[in-house]
Number of protein chains: 2
Amino acid sequence: MPLSRRLLFRWELPEDFVVTPWDVKGQVDYDRLVTQFGTQRLTPDLLEQIRKIAGELHPMLRRGVFYSHRDLDWILREYGKGNRFALYTGRGPSSGIHIGHMLPWFFAKWLQEKFRAALYFQITDDEKFLFKDFDKLEEATKVGYDNILDIIAMGFDPKLTRIFLDTEYIRHLYPIAVEVAKRITFSTTQAVFGFENSNNIGEIFYTSIQAAPAFLPTAEAGHEVPILIPCGIDQDPHFRIARDVAPKLGYPKPALIHNKLLPSLLGPTGKMSASIPESSIFTTDTEAQAQKKIMNAFTGGRATVEEQRRLGANPYICSIFAQYNYIFEPDDRHLAEVERTCKNGERLCGDCKTELWGKVRTWLKAHHAAREKAKDRIDQFMLHD
Amino acid sequence: MPLSRRLLFRWELPEDFVVTPWDVKGQVDYDRLVTQFGTQRLTPDLLEQIRKIAGELHPMLRRGVFYSHRDLDWILREYGKGNRFALYTGRGPSSGIHIGHMLPWFFAKWLQEKFRAALYFQITDDEKFLFKDFDKLEEATKVGYDNILDIIAMGFDPKLTRIFLDTEYIRHLYPIAVEVAKRITFSTTQAVFGFENSNNIGEIFYTSIQAAPAFLPTAEAGHEVPILIPCGIDQDPHFRIARDVAPKLGYPKPALIHNKLLPSLLGPTGKMSASIPESSIFTTDTEAQAQKKIMNAFTGGRATVEEQRRLGANPYICSIFAQYNYIFEPDDRHLAEVERTCKNGERLCGDCKTELWGKVRTWLKAHHAAREKAKDRIDQFMLHD
């Protein structure tokens, strides 16, 4: 799903921040992104509709981590009529999966449970080879299989989850990709991705392959299957082409629901990056590595303990508080308590880090164990051809 | 294999004739094409090597219909060392297959028999859809299946023949196409095919899919399998990209052997065209249609019978004589007799037409019958996935 940094598309925003599918710089103004990208905010009314169906709201919905969408209202209307949607997400193989990558996966899992939604999970080994992350295609495929262990370890329902690699499942993707490709000119890819004449013809074609899974469920079912794509707001541009082309091909436009980006453990000025190990917890971190990252993480604390006790700290710039808020503290009351005691100086950064490490260690242990077990479960999830 | 007319590549030759993969205009100077394209002539030495192995020379070799090549010497050297080559040819689905299209197929069949060569036969349904010959991909696929009946009716050895449609066999083609695509920039496709920014991204990518079968046998065998592509000289430009890229990917360059183009029944100024039914015999012609085309064909005859008896006629501009020479008269002695008696006025155009029609009718009847039987034989030849 994440196209490479080598795509030169720039969605430059005025002044102080930049958000593109491969680059997020500066403090992100998420409100401004909604305007700039032309998406919709999740409204209280939409949240209430979700709560009615699901019986509850996921913490990431309650807290506005998922905060923006395209056509989610239509998805819910169709669901109300008995037309269940399918989820689509993806992964460009790389050796580092961090919890920032996993935000949409956690959320997809919840949606799958609550809405009994089928999940199509695309592993884009072709993309990562074409965009030069790998010298050999087999290497991308191999790393893709390693990433699949993390996906299975998430606990998706094997009956409702279809994981596939582009190179293996291409028989099903290619006919749709060819339909998409016929409607996209090189000029369009220049405008959307900033391609130049020196781009290779695989890079140029690739967006067709990325669009295909959004149309596959409808093509296979022979009737309109609504598709919902949970993804970081930075990934939105990729799906504009798919949405533009959909009506011309007789497919419904894929809907999107966008999350804010998990802040880096190194501070508030960037998102997590697979190329900076200290910026996030990775699924393959040892306990010692993960603990060290948390203990060294950027916080909103004061220069001295004495000062912090007296003046309190700032949770809103704190990467540790963000971990609680986004993922590791589902209990709103306890989160509010952390917030309150941080601000009034009762709680010190060390307290928060120690407590968070306890939660992360529990999760990491469980994930490592599930990842091991996943090695014997691959066939339950994979569409090989 | 034949890319569409919409490819704008122009290999313009000075003065009076033009030869491109989709356009042949004027009297073709085949000698000049060898120089212009940078191919090699088939030498007596090469022909003698073929004769030694095959025990004979195919009439199209004896008569210089196949007259040019790239790396055929290497193909024969490898064969001498026990490294058998495979043949690769293809067909862009269209409703009209004429005997001009079939020249390389007749020759491939002979090579298959004499050299026990595997034949890979690509049906490019994706291409014909992308280049707008069809509005729906399924239509291209359907016509592809109809064309396969003609291919099977040729009498290829099912044990040595693998026919596949791009959309069905893509699982095997795509990983190789992706390797090829990574080495080709948009600039290169501009230079070779004249693509512009308004071309669709499927057209731009397509040459990768066309190159893939040339590398597939090597990829599957895990060792160098030489590939020989028999094709009209006008198709040569398509394989330059495949030949350029091959060494970078560790594959042998595909070799080529080129035929001259069967002259149109309408006269010496164009090749046969699927869009002009009168220009050639089509495999699905009724006997009445075929007979009429032959009886109306352009010849080298004189204005009156009296004049022709006295001055003789010109077989070298005669489309009927070309049919004998290229395909329907394997016996050199009889061909020489036709030539002699044409030139000295003993034989009139009506004689030649009647005699040719006898041969064509026999062939057409046999082909129609084989085409009917082919409907039950498809599975013997097809690689479906």
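Guide: The buried residues of helix H4 (residues 72–80) of chain A are A:Leu72, A:Ile75 and A:Leu76, where buried means that 20 or more other C-beta atoms, placed from the backbone, lie within 10 Å of a residue's own, and where helices (H or I, at least four residues) and strands (E, at least two) are DSSP runs numbered from the N terminus. Seen down the axis of H4(A), these buried residues fall within an arc of 95° and so line one face of the helix, the arc being that of the directions from the helix axis to the C-beta atoms. This is a predicted model, in which local features need pLDDT of at least 70 and side-chain atom pairs count only at pLDDT 80 or more, while totals for chains, interfaces and linings use all residues. Residues are numbered from 1 along each chain as its sequence is written, and chains are lettered from A and ligands numbered from 1 in the order in which they are written.

An α-helix has 3.6 residues a turn, so residues three or four places apart point the same way. Among the elements that cover the buried residues of H4(A) are helix H2 (44–54), strand S4 (66–70), strand S8 (227–232) and strand S9 (255–259) of chain A, with contact taken as C-beta atoms, placed from the backbone, lying within 7 Å. Beyond the helix, H4(A) is followed by A:Gly82, whose phi is positive, near 95°.

In chain B, strand S8 (residues 227–232) and strand S9 (residues 255–259) pair in the parallel sense over five bridges, pairing requiring at least two bridges found by DSSP between two strands; B:Leu228 has B:Ala255 in S9(B) as its bridge partner.

Terms used
Buried ≥ 20, exposed ≤ 12 C-beta atoms within 10 Å, placed from the backbone. Contact = placed C-beta atoms within 7 Å.
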